[in-house]
Amino acid sequence: MYENIQVETHGQVGLVRLNRPKQLNALNTATLSELAQAIGEFEQDGGIGAMVITGNERVFAAGADIAEFQKTSLSELMRGLRADQYEVLRKVRKPLIAAVSGYAYGGGCELAMLCDLIVASDTARFAQPEINLGIIPGGGGTQRLTRQVGKYLAMEVILAGRVLSAWEALQHGLVNRVVPVELYLEETLELAQTIAERAPLAARLAKDAINRAQDMSLEHGLGLERSNFLIAFGSEDKQEGTTAFLEKRKPQWKGR
């Protein structure tokens with residue numbers, strides 16, 4: 001069905017593998033389109049509670065497809081197809097996890113940062129080297145990286161081409177955990193399954209509140225949290241969760 005990705009399901013987890021090994025999983029328009037389509041289908045699948053994006057052990061994604069970029073006109077970029085595909089991924093409501101091994105450069109780093117959690121192998125490397133091509137990050141790199149690691153480190157990564165190792169990324173809060181390369185995908189799938197087994201409506205509401213916290217004052221953020229809490233409190237899942245707790249059994253979530 002797809003030319004540039006592979007799609008799998010593992011229990012309640014939807015997995016998408018970037019699959020352009022000869023191009024180091026470079027993110028051309030076709031790949032982003034397929035990725036957005038696959039994630040969108042998992043988003044609509046009631047049996048899927050969380051999603052994972054990965055590459056292979058050598059490379060997550062080495063960036064944008066430079067050959068395609070070189071041929072792309074300014075008017076084509078201004079039509080915003082690539083930006084639209086990133087928006088599809090940004091707006092998914094289910095938890096989205098990046099499993100990163102090897103190079104996550106340029107658009108690959110931006111794709112990982114677009115996810116809600118990042119699990120990195122000990123061989124992972126993060127960079128935004130667009131300045132070497134006479135451009136700047138255009139998929140959220142200047143904004144998300146700055147919010148995660150701070151202004152000064154983001155300046156060094158983007159202006160000087162500094163590459164962050166997996167352990168540096170962990171130190172500066174860019175990834176959740178670092179695991180041996182032979183276990184990185186297994187641990188990511190385990191984490192995703194753990195999240196997928198939680199109350200789905202509550203997970204979506206919590207994700208919404210956390211993601212929007214960075215863009216709000218504390219007062220407005222607390223108001224949003226209160227609103228989302230009340231929605232969760234009035235749900236069937238809340239009634240099931242509290243009943244199951246008192247009856248000492250596993251809850252049967254409905255997602256409503």
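Residues are numbered from 1 along each chain as its sequence is written, and side-chain values use heavy atoms, with hydrogens and water left out. In this predicted model, local features need pLDDT of at least 70 and side-chain atom pairs count only at pLDDT 80 or more, while totals for chains, interfaces and linings use all residues.

**The sheet**

Let us start with the strands. Helices (H or I, at least four residues) and strands (E, at least two) are DSSP runs, numbered from the N terminus. Here 6 strands form an open sheet with mixed pairing, in the order β1-β2-β3-β5-β7-β10. At the edges lie β1 (5-10) and β10 (177-179), each of which pairs on one side only. Two strands pair if DSSP finds at least two bridges between them. Direction ignored, neighbouring strands of this sheet are turned by 20° against each other on average. As background, strands of a sheet pair through backbone hydrogen bonds, either parallel or antiparallel.

**Strand β5**

Is strand β5 buried or exposed? Of its 5 residues (96-100), 5 are buried, so β5 is largely enclosed by the rest of the structure. Buried means under 20% relative accessible area, exposed means over 50%, and partly exposed lies in between (1.4 Å probe, protein chains only). Both faces of β5 are covered, with L96, A98 and V100 buried on one side and I97 and A99 buried on the other.

On the pairing side, β5 runs parallel to strand β3 (residues 50-54), joined by 4 bridges. The bridge partner of I53 in β5 is A98. Strand β7 (residues 117-121) also runs parallel to β5, again with 4 bridges. Within that pair, A99 stands opposite V119, and I97 stands opposite L117. Helix α5 packs on the sheet, touching β2, β3, β5 and β7, and its direction makes about 140° with that of β5.

**Helix packing**

Axes are lines fitted to C-alpha atoms, for helices over the stretch in contact, and angles run from 0 to 180 degrees between N-to-C directions.

| Helix pair | Angle | Axes |
|---|---|---|
| α5 (107-114) and α6 (141-149) | about 55° | 10 Å apart |
| α6 and α7 (151-160) | roughly 135° | within 7 Å |

The angle makes α5 oblique to α6, and α6 is likewise oblique to α7. Angles under 35 degrees count as roughly parallel, over 145 as roughly antiparallel, 65 to 115 as roughly perpendicular and the rest as oblique.

α5 passes α6 in a left-handed crossing, with the contact made by E110, M113 and L114 of α5 and G141, R144 and L145 of α6. By class, this contact has 3 nonpolar, 1 polar and 2 charged residues. A crossing is left-handed if the near helix is turned anticlockwise from the far one by less than a right angle, and right-handed if clockwise.

α6 passes α7 in a right-handed crossing. There, G141, T142, L145, T146 and V149 of α6 meet K151, L153, A154, V157 and I158 of α7. Contact means heavy atoms within 4.5 Å.

**A buried arginine**

Where is R20 found? R20 sits in the loop between β2 (13-18) and α1 (29-44), and R20 is buried, with a relative accessible area of 11%. Not counting residues up to four places away in sequence, R20 touches N4, N25, A26, N28, T31 and D65. The C-alpha atoms of R20 and G55 are separated by 8.8 Å, although these residues are 35 residues apart along the chain.

Definitions and conventions:
Ala, Val, Leu, Ile, Met, Phe, Trp, Tyr, Cys and Pro count as nonpolar, Asp, Glu, Lys and Arg as charged, and the others, Gly among them, as polar.
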